[in-house]
Amino acid sequence: MASGLVSRSLSKVRAMVAGAGGKSGEPSEKVLARIRRQLKECAEGLGGEVSTRLRAGRLAETYLSLDDAGRIAFLRMIALEFGPDPKRIAKAHEAYQAAVGTERQWDAEAQLRAAMRSSRIRILTQFNAIPQGVKFLVDLRADLLRFLEKDKELKSLDRELEARLTAWFDVGFLELTRLTWNSPAALLEKIVQYEAVHEIQSWRDLKNRLGSDRRCYAFFHPRMPQEPLIFVEVALMEDLADNVQKLLDENAPAADTDRATTAIFYSISATQEGLRGVSFGNFLLKRVLDDLKRDFPKLNTFATLSPIPGLVRWASKHPDEVAAAFTETDWKRLAAIGIEGPDSERLKPVLAGSHGWVADRPLARALRDPLLRTAAAYLLGGRRDSKAIDPVARFHLGNGARIERLNWLADTSDKGLDQSWGIMVNYLYDPDRIVTNVETFAASGEIDAAAGVKRLARR
């Protein structure tokens, strides 16, 4: 009975907040005192299971009824007032140091560990007792990540919550599900909502992506059965895909899956911002690979058709790098079609974000080779903290893929042109090289790339 009451109450508050947006301004002292009292009750953890559920439910309702200013005050209170006691830690640490090498060492270690456990953990853990508690915590961390940009004192709470979520969302707890056109409509709506790579334009578009020559797989958590955590869309083909518009063409005939030798992963979307830093995308790909190989034994090539989301942004900050990708022959080709002057002026059409050059065939042909060289140099040489700078590249290279091929004007949507001049990349997953590539990339940042891509990067 208590479980159902809490679930209905939380749903009602969520709907109310979504519709009204909450009040603005700092919460009153009376509200802060009530929040502090509720947090103390949760931290003390008195009573049985029913009491725990009711306390956690009331606290969740309070949080959901607050606007951003109130939520920041709520989270600051947890972060700053419910951490571990420094004096208790110091005393336990002193006892541990004195016990090292004696039979009391392990007891002292346990006491030190207990001293370092904060009341924040007890508060957060209690939300697991309510039906929508896990989803509540995921959404709460999404708020926390937003607020962290301006309030660094929330970092301690974020670290503890991320650690809890990492444990609760261990891949061993996740369920892989294939989604089809016959999946519940509410679930299909979530796929449309969360698609982050290639926007789903219509129900017909979605139906095409779930056709006989396509597959869509998602990871689910048992406590969030209607919320896909991450999903991947796959096309079964006879060769590497080089154009996403062709791949997503609703009028194209379905491929013959009996002849398919290649699985193209063309979209991978993580759905929960609150799970940032909790990694399970690599496990999704491995599970999907196994599932596809079981259902289609002829498949021998597993690759992606991926965006390069940071390319144009990087190029706009490093125009000299772009100019260096142009050979004397490239400049002569541009001059032959009337584009002359200083390098910076000649590069303006592509660095300034204009798409007009795409429709100008002679100009697009003249730009093809130097922009492909720029993309190769970015993928192989662009670094941040010794890792590949491009987020999609970091994901696939970190999972053992090889940069196989660059594809010119493979995505001519506004988004594709804005991100990477329409250039897309095939990352190839070779089962015989995955483990070696993962270890090498993790150890030294060295990237496995096909010879053609390396030649482009060498200019």
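**View 1. Strand E3 gives the largest share of the lining of the second largest pocket, three residues.** This is a predicted model, in which local features need pLDDT of at least 70 and side-chain atom pairs count only at pLDDT 80 or more, while totals for chains, interfaces and linings use all residues. Residues are numbered from 1 along each chain as its sequence is written, and side-chain values use heavy atoms, without hydrogens and water. E3 (230–237), helix H11 (203–209) and helix H12 (244–247) each supply at least two lining residues of this pocket. Helices (H or I, at least four residues) and strands (E, at least two) are DSSP runs numbered from the N terminus.

**View 2. The second largest pocket holds about 370 Å³ of space.** Of its 20 lining residues, Arg 214, Lys 246, Leu 247, Ala 252 and Pro 253 are the closest to its centre. A pocket is an open set of points on a 1 Å grid over the protein atoms alone, where a 1.4 Å probe fits, with protein on both sides within 12 Å along at least five of seven lines; lining residues have an atom within 4 Å of a point. Grid points are joined across faces, edges and corners, and a volume is the space filled by probe spheres set on them.

**View 3. The largest pocket holds about 1,000 Å³ of space.** Its lining has 34 residues, and those closest to its centre are Ile 230, Ile 268, Ala 270, Pro 391 and Phe 395.

**View 4. Strand E4 gives the most to the lining of the largest pocket, six residues.** E4 (262–270) and helices H13 (281–295), H20 (391–398) and H21 (414–420) each supply at least two residues of this lining.
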